[in-house]
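The sequence and the structure are shown first.

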Amino acid sequence: MAEDSPKRRKANFNEAETEVLIEQVLKHEQLLFAAGPGRASAGQKRKVWELIRHKVNPVAACPRDVEDLKKRWRDLKRRDRSKLCRLSQGCGPPAPPALGLLLAPEELPPAAAPPS
């Protein structure tokens, strides 16, 4: 009865996978997340996510699909926003995606910089 066995979870993303994901998403950020009349079609976005998947999988601990990558990106953004919110002590408007992941502490905006 292999059908009744629980589904095993995938391995956590390692540092190399995360770095490649961030690099590739930021490289294609305008195409993936732009709003307004010049935004990409769903088919174009799907092709970009497939391209990102092909870049991440060579360094991956286990094969990742597009949904895994999208979920990891959402989790990174959410965690980064909450971290910046705690640092600023104010929880104002959300910071740009992945700001804290890419900037050194001295490069963060004054509201998000840790107190001296």
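Helix α4 has 23 residues, and the distance from its first C-alpha to its last is 33 Å, close to the 33 Å expected at 1.5 Å a residue. The model is a predicted one. The residues of α4 that are buried are Val66, Leu69, Arg72, Trp73, Leu76, Asp80, Leu84 and Cys85. Trp73 belongs to this helix, which covers residues 66-88. Trp73 has a relative accessibility of 2% and therefore counts as buried. Its C-alpha atom is separated by 8.8 Å from that of Thr18, although Trp73 and Thr18 are 55 residues apart along the chain.

**Overall fold**

The protein chain contains five helices and zero strands, and its pattern along the sequence reads α-α-α-α-α. Of the 116 residues in the chain, 27% are buried. Among contacts with a separation of 6 or more, 60% are between residues 24 or more positions apart.

**Helix α3**

Helix α3 spans residues 42-56 and has 15 residues; it reaches 21 Å from first C-alpha to last, close to the 21 Å expected at 1.5 Å a residue. Which residues of α3 are buried? They are Val48, Trp49, Ile52 and Val56. Viewed down the axis of α3, the buried residues fall within an arc of 100°, so they line one face of the helix. The buried residues of α3 pack against α1 (15-27), α2 (29-33) and α4. On the face turned away from the buried side, α3 carries the exposed residues Arg46, Lys47 and His54.

**Residues in the loops**

His28 is located in the loop between α1 and α2. Leaving aside residues up to four places away in sequence, His28 touches Val48, Leu51 and Ile52; Val48 and Ile52 are among the buried residues of α3.

The loop between α3 and α4 contains Arg64 and also Pro58. Is Pro58 buried or exposed? Pro58 is exposed, as the table shows. Pro58 and Ala16 are 42 residues apart in sequence, and their C-alpha atoms are 9.9 Å apart in space. Arg64, for its part, counts as buried. Not counting residues up to four places away in sequence, Arg64 touches Lys10, Ala11, Asn12, Phe13, Glu17, Arg53, Asn57 and Leu69. Leu69 is one of the buried residues of α4.

The accessibility values of the residues discussed individually are listed below.

| Residue | Relative accessibility | Class |
|---|---|---|
| Trp73 | 2% | buried |
| Arg64 | 4% | buried |
| His28 | 16% | buried |
| Pro58 | 66% | exposed |

The classes rest on cut-offs: buried means under 20% relative accessible area, and exposed means over 50%.

**The largest pocket**

How much space lies in the largest pocket? The value is about 320 Å³. Its lining consists of Lys7, Arg8, Arg9, Lys10, Ala11, Asn12, Phe13, Arg64, Asp68, Lys71, Arg72 and Asp75. Sorted by class, this lining has nine charged, two nonpolar and one polar residue.

The pocket lining connects with the residues described above. Arg64 is part of the lining, and its contacts include Lys10, Ala11, Asn12 and Phe13, which are also lining residues. Arg72 likewise lines the pocket and is one of the buried residues of α4.

Terms used: Residues are numbered from 1 along each chain as its sequence is written. This is a predicted model: local features need pLDDT of at least 70, side-chain atom pairs count only at pLDDT 80 or more; totals for chains, interfaces and linings use all residues. Side-chain values use heavy atoms; hydrogens and water are left out. Helices (H or I, at least four residues) and strands (E, at least two) are DSSP runs, numbered from the N terminus. Buried means under 20% relative accessible area, exposed over 50%, partly exposed in between (1.4 Å probe, protein chains only). The expected span of a helix is 1.5 Å times one less than its number of residues. The arc is that of the directions from the helix axis to the C-beta atoms. Contact means heavy atoms within 4.5 Å. On a 1 Å grid over the protein atoms alone, a cavity is a set of points where a 1.4 Å probe fits but cannot get out, and a pocket is an open set with protein on both sides within 12 Å along at least five of seven lines; lining residues have an atom within 4 Å of a point. Grid points are joined across faces, edges and corners, and a volume is the space filled by probe spheres set on the points. Ala, Val, Leu, Ile, Met, Phe, Trp, Tyr, Cys and Pro count as nonpolar, Asp, Glu, Lys and Arg as charged, and the others, Gly among them, as polar.
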